[in-house]
Amino acid sequence: MTRATMPTPTSGRAPDPTATTDPAREHTTLVPTDRTRRILDHLAVALPILVLAVMGWHRRWITDDGLIYVRAAREILAGNGPVYSPGERVETSTGTLWQWLLVLLDALTPGDPARIAVYAGLVLSITGTWLALAGTRRFLRAETGRLLVPAGALVFVALPPVWDFATSGLETGLLVGWIGLSWRLLVTCGPGDTTTARRLGIAMVFGLGPLIRPELTATSLVFLIAMALASRLPWRPALVAFLCAGALPAVYQIFRMGYYGLPYPMPAVTKSATRQLWGRGIDYLVDFTDPYRLWMPAVLVLLIVAALLVGRGPRDRRTWLLGAAPAVAAFAQSAYVLRVGGDFMHGRMWLPVLLLALLPVLLVPVDRRVVALLVLVPVWAAWCGVSLRSGLVTTPGPRAGVYQTWNERMVYVNWTRTANPTTSGAHSATLPGLRAELFRMDADGRHVMVMDGNYLADVAALPPLPLRRDLPAKEGLVMGRLGVGGAVTPLHGIVVDVWGLSNTVGAHIEPTEHVAAGHEKLLPLAWNIALYVDPAAWSSIPARVVSFEDIRAARAALECGDLKELLHSTTDPLTPGRFLRNLTGSFSRATLTIPPDPKAAERKFCAR
């Protein structure tokens, strides 16, 4: 049965006398005039965009992890290469494309790089959401005259974590932008709908996923397969599209393995991303869904979709295929998040999953059978946006004082005592005097290492310790907040994260102390002394802080076997031979584990 052609006051066309009328559709579907439809279409898109823009701006901020990106971008612009500290080739940025975008923006835009990261994230979040809505409008063929309302979009923009991570200095804005653009391009794919050049361009956009976040590789593959199937490509053009999509990620992957000596960014090693932590993953899911009663909009949206599909679902294969692609991608992303145990930041890793799942229903057609359900969606959205909030600590840990997940924005608002901590200075102010002290040491040429007093018991009593003479850095800082540490330390100084995000040894040690998701490798002090402090000063360190024997054993282990090779992969001059050794040994290096006890490490690596 074909759908009747509906005349409109603006079309001037007569009804098609050969068309068959569907009475059920006439009585259940609201069909406005062309002009009214265009206005309502714009309003349906504008409302969620306005909510996101206003609330994203209201809650703008940058997290400590966002400052990690800022420091890495500044090192590149200073000529030190894609590193966090000079003399150590360590990839601290999980979002490669976001890091290099910040390099470009910082080079072109004057001002605080932290603030640039905040504003760029907000612009990309808004743009990506707009593109996603535009893609859904096209997917639903709005030109047929059906009135659309932003049901799924309201679910997305009503959530406080969406507002928080619209900025934050992290790659989330770029991620939302990429998903929105990819969806907008995917819905244009069909037999004969695109030229070869355009199809290859779309494939290249889809292929950017792994460079935004490594786990987006699955989403990239799903979109590429959907494009090939929707366009009904023969195998040769499909293969060319896949090769085009993978070209840039493959080139960067070769660079990563040769330059850093690892197949993925250092945080993936630090956080043991290859482990299976399904129990923590379930906790992370509950942590996200419970505070906002997300089961309510989930049920409403599912009922709306079911009601619209019963007896009148799309009959063509392409529509089903395009609608299923985001759902499959969301399922793959969900499996990854659950498997790795989630994150310590409340809601962060669920945002791309939620957006992918909602893409086909960001807008839904108004039908009298679902009007009541459609009214309940904005009711929930208003309730969520006004009243529902998570606590400061969202998921307690296994013992007192230990937490699995927390509200990251609230932590830094409280810590900085600033409603909108968007600058490096707001975070540096939480360490009064330290930045000035480090720059004074730099000016005086003191060549010392400063230990954060919060590192371990009795460390605060240590004076600055002289650095090893063979290190290229002029000064160093060991502390637990890597981002703010990078903000207060001169670019030619070493910044060492006690949780292993920028420390080759710390990333590879076996778990020592669980403090939060991804924070369970607290590096014993003896290792940092052995790595960075002049041996002549070891004997001056009180035994109650760290024993001389532990420092000696750590230094001995660093000079033996696979541990020596691991260290040299990041510190040796990058000759062609070193690049090739790094490349070929990257996967075995990634799986290397180091006993946290220096004596045990000495036995493991030096007894061979």
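This is a predicted model: local features need pLDDT of at least 70, side-chain atom pairs count only at pLDDT 80 or more; totals for chains, interfaces and linings use all residues.
**View 1. The disulfide between C560 and C606.** A search of the whole structure finds 1 disulfide, and this bond joins C560 to C606 with an S to S distance of 2.1 Å. A disulfide is a covalent bond between the sulfur atoms of two cysteines. Because the torsion about the S-S bond of C560 and C606 is about 100°, this disulfide is right-handed. C560 lies in the loop between α25 (548-558) and α26 (561-571), whereas C606 belongs to helix α29 (residues 598-606), so the pair ties together parts that are 46 residues apart in sequence. The two partners can also be described by their accessibility: C560 is buried, at a relative accessible area of 17%, while C606, at 28%, counts as partly exposed.

**View 2. C244, a cysteine that is in no disulfide.** For C244, the nearest cysteine sulfur is that of C189, which is 13 Å away, and C244 takes part in no disulfide. The relative accessibility of C244 is 19%, and because buried means under 20%, C244 counts as buried.

**View 3. R232 in a loop between two helices.** R232 is found in the loop between α11 (217-230) and α12 (235-260), where the backbone of R232 has a positive phi of about 55° although this residue is not a glycine. Most residues other than glycine have a negative phi. R232 is exposed, with a relative accessible area of 57%.

View 4. H447 is found in the loop between α21 (434-444) and β5 (448-451), and the phi of H447, a residue other than glycine, is positive, near 55°. At 22% relative accessibility, H447 counts as partly exposed.

View 5. β5 runs antiparallel to strand β6 (residues 465-466), to which 2 bridges join it, and in β6 the bridge partner of M449 is L465. With strand β7 (residues 476-479), β5 pairs in the parallel sense over 3 bridges, and here the bridge partner of V450 is L477 in β7.

Notes:
Residues are numbered from 1 along each chain as its sequence is written. Side-chain values use heavy atoms; hydrogens and water are left out. A disulfide is a pair of cysteine sulfur atoms within 2.5 Å. Helices (H or I, at least four residues) and strands (E, at least two) are DSSP runs, numbered from the N terminus. Buried means under 20% relative accessible area, exposed over 50%, partly exposed in between (1.4 Å probe, protein chains only). Two strands pair if DSSP finds at least two bridges between them.
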